[in-house]
Every structure is written in structure tokens, then in C-alpha cells.
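Reader: Hi! Could you walk me through this one with me? I'd like to start with the aromatic residues.

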Number of protein chains: 2
Amino acid sequence: VRDLAGEAAARDAADPLAGWRERFHLPEPELVYLDGNSLGPLPEQTREAVRRAVDEEWGRGLVRSWDSWLHLGVEIGDVLGPLIGAEPGEVALSDQTSVDLFKLADAALGAAGGADIVTEADNFPSDRYVLAGVAARHGGRLRLVPPAPSAEDVAAVLDGGVGLVSLSLVSYRSGAFLDAAGIGEVARRHGAFTLWDLSHAAGAVPCRLRDAGADLAIGCTYKYLNGGPGAPAFLWVRRDLQDRLLQPISGWFGHRDMFGFHDTYEPAPDIRRFLTGTPPILSMVAAGEGIRLVAEAGIGAIRAKSVALTSWFIELAHEYLDGLGFTVATPEEPDRRGSHVALRHEAAWPVTQALRSLGVIVDYRTPELVRFGFSPLVNRYADVAVAIERTARVVEERRHEAFPADRGEVT
Amino acid sequence: VRDLAGEAAARDAADPLAGWRERFHLPEPELVYLDGNSLGPLPEQTREAVRRAVDEEWGRGLVRSWDSWLHLGVEIGDVLGPLIGAEPGEVALSDQTSVDLFKLADAALGAAGGADIVTEADNFPSDRYVLAGVAARHGGRLRLVPPAPSAEDVAAVLDGGVGLVSLSLVSYRSGAFLDAAGIGEVARRHGAFTLWDLSHAAGAVPCRLRDAGADLAIGCTYKYLNGGPGAPAFLWVRRDLQDRLLQPISGWFGHRDMFGFHDTYEPAPDIRRFLTGTPPILSMVAAGEGIRLVAEAGIGAIRAKSVALTSWFIELAHEYLDGLGFTVATPEEPDRRGSHVALRHEAAWPVTQALRSLGVIVDYRTPELVRFGFSPLVNRYADVAVAIERTARVVEERRHEAFPADRGEVT
């Protein structure tokens, strides 16, 4: 019998990022939190930053604090930029992910030849819903490609009727990490823009947007960027596209001279034209701290540990779980996956609940995936070992049978 | 010479709402804060609520706290409802004001016969920008009515080509409080929806939306509702309209079964269909506290004190400021105005800066308005007296001449 705890301890002792875990507020040391790709944990520095924003900036500064809040979305965007391969002035935090997707997809179709949008059949539902709506408004429709599409899969559905290819760089289900450069090239060849959802990528994998020849991107900041529940989303528009594209929600934060109170809307000449209204400052401040923390650690070191964590998890899953009805639903080549691993099991829903009851917080995705998310600044190799052992125990001891067989309709 | 300080002290001693000021965190007792209609001050209870949301809910509960966060926007909406004359299930907090305006205006034009939108020439610029954009997308345009329009002014531009009348119930500039019932009636007669921006009304005046026969409303929560900088906006859709209208940003929070991860978007049958994406929880929690505080005080008592404060301010403005180049730009009949008073002065910008330097925080609005906002739970009659005396002193002593004559282009 392997000594998994011992192996994990040796790996943790050699981990150059081990010290970063202390930068987070994790009040239950025994909890194995593998859902940082749903909600990243609270950075210690965020507690003080939010307190200062409430007590000092709002409480004491009152309306005068808008001098420092006004450009926060663009300032934090520039901290985030290097993590996703953007240049200064190309990123801003604004609104929520679905709203930013709507704005940029609509802007792209407004400038493109075609009105159809290519997306993945398994793309995050909110993305598919929003993209279908945008396409319909322009007289187009969705064209679906299969999960984890290659550049060839995308090329197969491309023609002049397509104005936009919008995919998640890392799949929220399988964790598949797509070939952005290859897909970008075939899209460009057909005159379609590319718009990447980086929600499961930013802060976990190097996105290299500019190197990949991408056009647009959006993403959330509350997963691997640890920005807090519902923290504002980010949007990226390559600089040379900024004055060619117009987003539909022409609010004052996108105006060239927002306090000039003009008769008509004149879009700002830069990334600000993609902003809309007054942003939620408390949540914005929290997002800034989470992003700064990740930027300080560096995406190279984060990615290296992510690959090591997920590789070990997959190795152990084969050894311990293959015989218990689990299959690995995530690409096994390291450079084809992000930072989570999905295991398929016919009892995925009750297994997820049983794992949570044993202190292993994982997530369920319909119809039969258990998702293990590894946040490299937080998770230890010990978490991998414990997760594998408890997952095996749940099924061996039929502990999942104490939970309802399906989730029902949760609204 | 009148003893303004003595008169104010007598009024404050008789004020039934005097005790509410202590419920706010006002660290400079000498500061006269008359900009609560730009950013309401920090309620004491909000400090603890945000701390709890950060440390306990996010920090300790992690992703599990979504059980309590998920419906926060609708739950807080029901606390706000009675303040604006709405029924339960008709209000939700979501997104920012400009985004909610976009969603509801677009939904209205999608269901209306006409594509033009009637709004006020002096409506808040972001509203005009957004409404112009929405109208254009539907093949229509804005039809402008003069400031502080009557029902007759609106009727004069109405015909079958108009799908929506969208106005601010209280003007951000003059403070004029419009006749919602009269305007609603003429709009209905022409088959147009009404969409009210309550940003300068909610929490300060009784809005009585249902009594007025209104259809739709939006507004911000960071003014008289004291929800904090950029706190999420609210939207109201009268119940019988909810399943007739579709908003354009079809995100998962608006889906009938948001965690079912379906192939296509099926809008929820209720107010949730007007939601979009994951809301900013920290800012949402702060909004909830501010709204609860106002609801507890009661809109009747708030309105009574608001009328008393603004009436006394106008009386004193005539006595002390008429001879110094100021004119009252706000309707003098109490039931025709909201809770702020705008004074016109040719040096409004430097006067605003000089007043701020003397500890009277007021706001400037282009081209020549100084705006004095009275938040009845916070402001004292003493604030009225001090504001009048210092405004007179600024001009008498030419203190404003030490400041730049105009604001320049601030972006």
C-alpha cells in the first residue's frame, strides 16, 4: 500500500509556492477546498482593504473618495493585464461576466460581416444563452462545435456567415484548454472575430492573448483571481480594435467626457468606451486585492504547480478510482488542460454531497461530473491525497447512497 | 439680524427623526454633508454587515455561502418595494443603473408598437445616452420634452410612433418631482410604456408606482438609500408585465432553472427573468443594510422632514442669497420637488469648490447649478443654517475667486 500522506508531505515540503497558502484566510485547517474555481478563498489582505474602503474611503471620505475610485476598473485592469498577455490600457473591470460578454459580442457582430456566432455545445450555459441572444438580435444564430474543439473543428463550421467565434479558453466542465492561436488563425482567415471567456483560465494558466492573435476576451475575477463573491468581471479589447468597436450599453462611464454632461454620447477613444455605469466599489476593491496577490506570485510559477497538482491527481485517480466507476473526463496531456480535473461517475451528484460531508469541497456539474479544482496558491499536495482517499472511501463504503440521487430543480 | 443658529437648534430639538443621524458613521461632526443624493453616508450597521460578509460568509463559508447569497437581490428588492409603492415579487437588485435602464427600455420597445422614446432634454446624461442607443437599435429615436415636463408636455409629443416614455421622477438637476400619474395616463392612452428612473427619488419621496399606473422603474441605491459607492441598482417590473417582457441580456440568473444547465434560455416566470449574472455580493450586502435602515425609518416621516428642510432652505435662500447672484432653480411648491435644492449662479463651479473648502459638501452640475441635497435621516436644520451662511460668505468675501473658473474636461 502506498503511503500517500507521506508522498504528499514530501511534495509539499519541496513546493516553492507553499508559503502562499498563509496569505489566505482559511479558518478550518482540516477542510480540503477544491472549489477555488467556483469561489476563490479570501486573501488576508482583502479583509483590511475592504475595511479601509468602508470605514475610511466611504465613511470618512464620503463623495470626495470618487477621486480615487473613478478609474479603479482601469487601474486594476492594468494589474491583471500581464496575467492574460495583454498590454497596458487593454483591460478594465466592469459589470458582470454575462454583461461583458453581451457587450463585446454585440460590438463584434456590429463590426463583422457575418451574424452567426460559433461556440461550443458544452460552453458555460450563461455564455450560450447570451451569445444566442446576441446572434438573434443581429439576424444570426449559434453554430455549435463539439466539446474541446480543435482549430479544424472550428474551421469546419466557418464561412462568411460567421461574425464571431466565442469559446471558453478552459472548459468549465472538462477543463480542456483550447488552442487559442490555432482557432484564432482560422477565425481570422474567415473574417470572424474571436472572443474568449477566460473565467476558468485567468490566474491559473498563461492566456497569452496577444501572442495568440486574439481579438476580445472577458472573464470573472472570483475564481482563480480570488476577487470575492460576484466581484466585477474584466474585459479585454486589443488596442487596435478599440476605436473600431462600439458596445451597445452607452452609459456615462464610456463617454469621452463623463462629467461634461453632453447632449449626445461620444465614446471614449480607449478601453473606457467599453465601460457602462458606476461600478460596485466594495466588490471592486476586493477584486483588486485578489488580482494583485496572483500577479505578485506570478503566472509561471502558478501554472507549473497547477500542472504538478493535476498530473498527480490524475495519476492517483487511475490507480485508486478506475475500479470504482470513475473515469477521467479531463485531457491527460498537461498542456491541453487548465487547473481542474473532472471525474465522470454515474452517481456524481450524491458523490459530490458525500465528499462535502467529509470535508472535501468539490463541485458537481450536470449530468455526471465531479469537479476537483486546484488553486495553486492555496492547495497542497496533501489536498490531492486526501481527495483521492475520501473519494474512494465514499464509493467503497457506499456513503453517497445516503444522499438524494439527483439534485432536483434548483432555482 | 436673525439668529439662524438658534432657530435651527429649536427645529432640531423638535425633529422626530433627529435620533437617526446617530445610526450613521459621520466622523467629522463639523462637516455639513449636503451630497447624500450623490453618495449617502455609511450606516453604522453596514460596517458590521460587510465585515460579516467578508470574514464569515466568504472567509469561513466559502462557496457554501451561495445558499444564502443566491436570492439576495430579490430578497432585498422586497424590502425596498414598499418604499416605492411596489408589491412583493416586483423588485430586484441587479447590475448598475445604466445596465438596468438598457435592459428594461429594450424589453419595453420589444413589446411596444412604436420605436421612439420620449425623455427629458435635461434627463441625466447616462439615461439619455442609453435611451438614445436603445431607440436606435429598434429603428427609433429620442423625442425630447422640456425640463420638468407636465402631462400635457408629454402628450404633445406622443403618437403611435412612441413605444416608451422614460423620465426621472425627480430631476438630478432641478429637483423637480414629476406628475407620474398624469404622465402615465397620457402614455397609456397612446400605447407607450412608462419607465421611471427613481435614482433621486427612492428613499426620499414616496414614489407610489402602482398607484400612478407606472409600468417599469429602475434606480440606484447609493443616494438616499445609503447603499454605498456603486451599490447594485434596482429594477421594478409590474407583475402583470413580467411574463410579457423579455430583456436582452439572457444570462443564467434570469433562467427558469439556473443550475439545470439547459441547452436553451428559458426565462424565469417572474422578476428573476430581469436578472443577468452573478451579482457583486459585498456591494449587495451594503445595499441591503442601507435599504433596511430607510425602510425602518419609514418614507412618510422622511418625506415630511425633507419638505421641511428644503422649504426652510428655500425661504432662507431668498432672504440671504437673492442679492448675491443666486436664483432658486427648484420648484417652490413642496409637492413639485424632491429632496434637493439647486441654486443657479454664474460662478457655480468655483462657489461649489469654495463651499467644500469651508466644510460644506455640495455638488456642481453643468453649467451653473450648485446642488444642496438634504438626506432627512442624516441632515439637521443646523446644516441648512450653516449652508446658507457659508454660501453668502463665499460670495460676499469673494472666496470663490481663489478657485479655477471652470472645471475643465474631467474624464
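**Aromatic pairs and a strand**

Author: Happy to. A:Trp66 counts as buried because its relative accessibility is 17% (buried means under 20% relative accessible area, exposed over 50%, partly exposed in between, with a 1.4 Å probe and protein chains only). This is a predicted model, where local features need pLDDT of at least 70, side-chain atom pairs count only at pLDDT 80 or more, and totals for chains, interfaces and linings use all residues. Residues are numbered from 1 along each chain as its sequence is written, chains are lettered from A and ligands numbered from 1 in the order in which they are written, and side-chain values use heavy atoms, with hydrogens and water left out.

Reader: Thanks! Is A:Trp69 buried or exposed?

Author: A:Trp69 counts as buried, at 1% relative accessibility.

Reader: Where do A:Trp66 and A:Trp69 lie?

Author: Both are in helix α3 (residues 66-69) of chain A, 3 residues apart, which is about one turn of the helix. Helices (H or I, at least four residues) and strands (E, at least two) are DSSP runs, numbered from the N terminus.

Reader: And how many aromatic pairs are there over all chains?

Author: The count comes to 29. Rings of Phe, Tyr and Trp (its six-membered ring) pair if their centres lie within 6.5 Å; planes under 30 degrees apart count as stacked, over 60 as edge-to-face and the rest as tilted. The ring centres of A:Trp66 and A:Trp69 are 5.2 Å apart and the planes are at 90°, so this pair is edge-to-face.

Reader: Nice. What about A:Phe313 and A:Phe372?

Author: That pair is tilted, because the centres are 4.7 Å apart and the planes are at 40°. It links distant parts of the chain: A:Phe313 is in helix α10 (residues 299-321) of chain A and A:Phe372 in strand β13 (residues 369-373) of chain A, 59 residues apart. A:Phe313 is buried at a relative accessible area of 0%, and A:Phe372 is buried at 0%.

Reader: Switching to strands: which way do the residues of β7 in chain B point?

Author: In strand β7 (residues 216-219) of chain B, B:Leu216 and B:Ile218 point one way, B:Ala217 and B:Gly219 the other way, and all are buried.

Reader: What does β7(B) run antiparallel to?

Author: Strand β8 (residues 234-237) of chain B, joined to β7(B) by 4 bridges; two strands pair if DSSP finds at least two bridges between them. There, B:Ala217 stands opposite B:Trp236.
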